[in-house]
Amino acid sequence: MSSGREAALEALTACRRLDAWSDGSLKAACRDLDRREAALAARLTYGVLQNRALLDFYLGAFCTQGFDKLEPFIRDVLRLGGYQILFMDRVPDRAAVDESVELVKRKKRQRAAGMVNAVLRRLSREKECLPEIPQQNAAGCLALRYSHPKWLVERLLSLLGEEETEAYLRLDNGSVPTTIQRNPLRCSGEELAERLAVSGASLTPHPWMADCWLLSGGGGLDGMPDFQQGLFQVQDAAAKAAVLASGVKPGDRVLDVCAAPGGKSFAAAMEMENHGEIVACDIHRHKLALIEKGAQRLGLSCIRTELADGRSFREEWQEGFDAVLCDVPCSGLGIIRKKPDIRYKDPGQLAGLPKVQRAVLENACRYVKPNGILLYATCTILPEENQGVTEDFLSRHPEFVREAFALPGLEEENNGSLTLWPQRHGTDGFYICKMRKPWE
C-alpha cells in the first residue's frame, strides 16, 4: 500500500467480499505503512463502518443514477471521500475529492472518475445544508443517524428508552480509548505511570475500577517496551470486573472454559498472585499459542493451556475446580464501539447462540467443586443471551444459587447478576452472573 487511503479501501473491500473482520483486514492492509498513514487508514476504515448508512443517505442525495446501483467498489470510494468531507476537519475538502478520484483511476476505473468527482464536490459545496433525516419513528431515525440496524435499535429502545438508547449509539460511534490493567507482579501504579510517561504516553484513572487506566499516546503497543516487558495488559474494566466477581484467590484451581485470547486467565492469575493453577481452554490450537505467549510476557507461570471444546465433557475434570469461568461465544453487541462491523453481521445467525451458550454452561457446571463458583459472562446486552440463559440454567440446576458480588469502586448492588453498559459504567456492554454450588 502506498497510502492510508488505499489501505482503508483494501480493508473495506475485504470486509465486504470476504465477510472479514475490520481489525484483521486493517492489520494486513497496513503492514507496509508508516505510523501516520496506518493511523489514517484506521480512522477512515472505522469511520466509514461507523457511519455507513448515514454516508449512503447523504451521498445518495447527490448521485443521480442511484447510489445503491453503483459498483460496490465505487460506493466504498465515495464513502471514504464523504467521510473525510463530513467528519474530518483537518483534511481539506479538495484533498478528499482529489485523492478519491485518484483512487478510482489507480484501480483502472477511469470511466467513473468524473462521477466520483462530481458527487464529492457537490457534497462539499452543500455540506452545511444537507438533506434532513426523514422524520419517521424513533427507531428509524436513530438507526439512520447512528448507522445501526433498525432491529437492534428497536431492542435497545425496549430495554433502555429513547434517551439512553441514543447515548449508547453515540458512544458506539465515538473514539474508544485503550484501557489497560496493571500487572501487580511486575510494578506499582506509580512506577507504571512514570515509565509510560517516558515513552510519551499518559494515563487517566478509570472512573471506578482500581488499577485500570485509559492509555493515550506512546504509539502502538508492539513498540512499547513496557508492554513487551509485561508491565500491563490491554483489558476493558468489564472483563476485569468478571474476574473480580468470581472471587478467585491464591491457591485456587481455576478453569477458563473459553479462554482465548486469554485476558481473563491473565487477570485471574494476577488476582491469585501467580499461586495455584489456571487451565485455559480453546478449540483452536493457534489461539492456545497466543495465550501461552501472553502468559510468558506477563510472567504468569500458573497458567497452562488445554485444547478442549467447552461443550464436551472431560471426566478427569469433574468437580475438580474452585472456580469455572464461562465467557461464552456471543453476539458481541456490547463491543460495537470497538468492532463497528459487528452491526452488519447477519442477525439470523444470532438465534442459535443461546443453544451454544446453554450447552457450554451445562457442561462446565460439572467441573465445579462443592462450594465452588460458576461464573457466566458475555460481551453482549441481549437478555436472551444473558438472563435468559442463566435463569433457564438455574431452573434446572437447584444445586446452584446466584451469589451477590461487590465490585470495588462501583456502588451498585446486584443479586448475583449484573449488566454493565457503556453509557452508565464507562465499560464495554457486558453481562456477569455469579453462581455458587453450596455444600450439600
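**Helix packing and nonpolar cores in a predicted model**

Reader: At what angle do helix α8 and helix α9 pack, and is α8 parallel or oblique to α9?
Author: In this predicted model, helix α8 (residues 138-145) packs on helix α9 (residues 150-160) at about 120 degrees, with the axes 9 Å apart. Axes here are lines fitted to C-alpha atoms, for helices over the stretch in contact, and angles run from 0 to 180 degrees between N-to-C directions. Angles under 35 degrees count as roughly parallel, over 145 as roughly antiparallel, 65 to 115 as roughly perpendicular and the rest as oblique. The angle of about 120 degrees therefore makes α8 oblique to α9.

Reader: Which residues of α9 make the contact with α8?
Author: Contact means heavy atoms within 4.5 Å. From α8, the contact is made by Ala138, Ala139, Gly140, Leu142 and Ala143. On the α9 side the residues are Lys150, Val153, Glu154 and Leu157.

Reader: At what angle do helix α5 and helix α6 pack, and is α5 roughly parallel or roughly antiparallel to α6?
Author: Helix α5 (residues 72-87) and helix α6 (residues 93-106) have axes 8 Å apart and pack at an angle of about 165 degrees. Residues of α5 including Phe73, Val77 and Leu80 meet residues of α6, among them Ala96, Val97 and Val104. The angle of about 165 degrees means that α5 is roughly antiparallel to α6.

Reader: How many residues has the largest nonpolar core, and which helix gives the most to this core?
Author: A nonpolar core is a set of buried Ala, Val, Leu, Ile, Met, Phe, Trp, Tyr and Cys residues joined through side-chain atoms within 4.5 Å, where buried means under 20% relative accessible area (1.4 Å probe, protein chains only). The largest such core has 60 residues, and those with the most contacts inside it include Leu156, Ile278 and Phe430. Six of its residues come from helix α13 (residues 237-246), the helix that gives the most.

Reader: Which residues of α14 are buried?
Author: Eight of the nine residues of helix α14 (residues 263-271) are buried, so this helix is largely enclosed by the rest of the structure. The buried residues are Gly263, Lys264, Ser265, Phe266, Ala267, Ala268, Ala269 and Met270.

Reader: How are residues numbered, and what pLDDT do side-chain atom pairs need?
Author: Residues are numbered from 1 along each chain as its sequence is written, and side-chain values use heavy atoms, with hydrogens and water left out. Totals for chains, interfaces and linings use all residues, whereas local features need pLDDT of at least 70 and side-chain atom pairs count only at pLDDT 80 or more.

Key
Helix = DSSP H or I, 4+ residues; strand = E, 2+ residues; numbered from the N terminus. Buried < 20%, exposed > 50% of the residue type's maximum accessible area, 1.4 Å probe, protein only.
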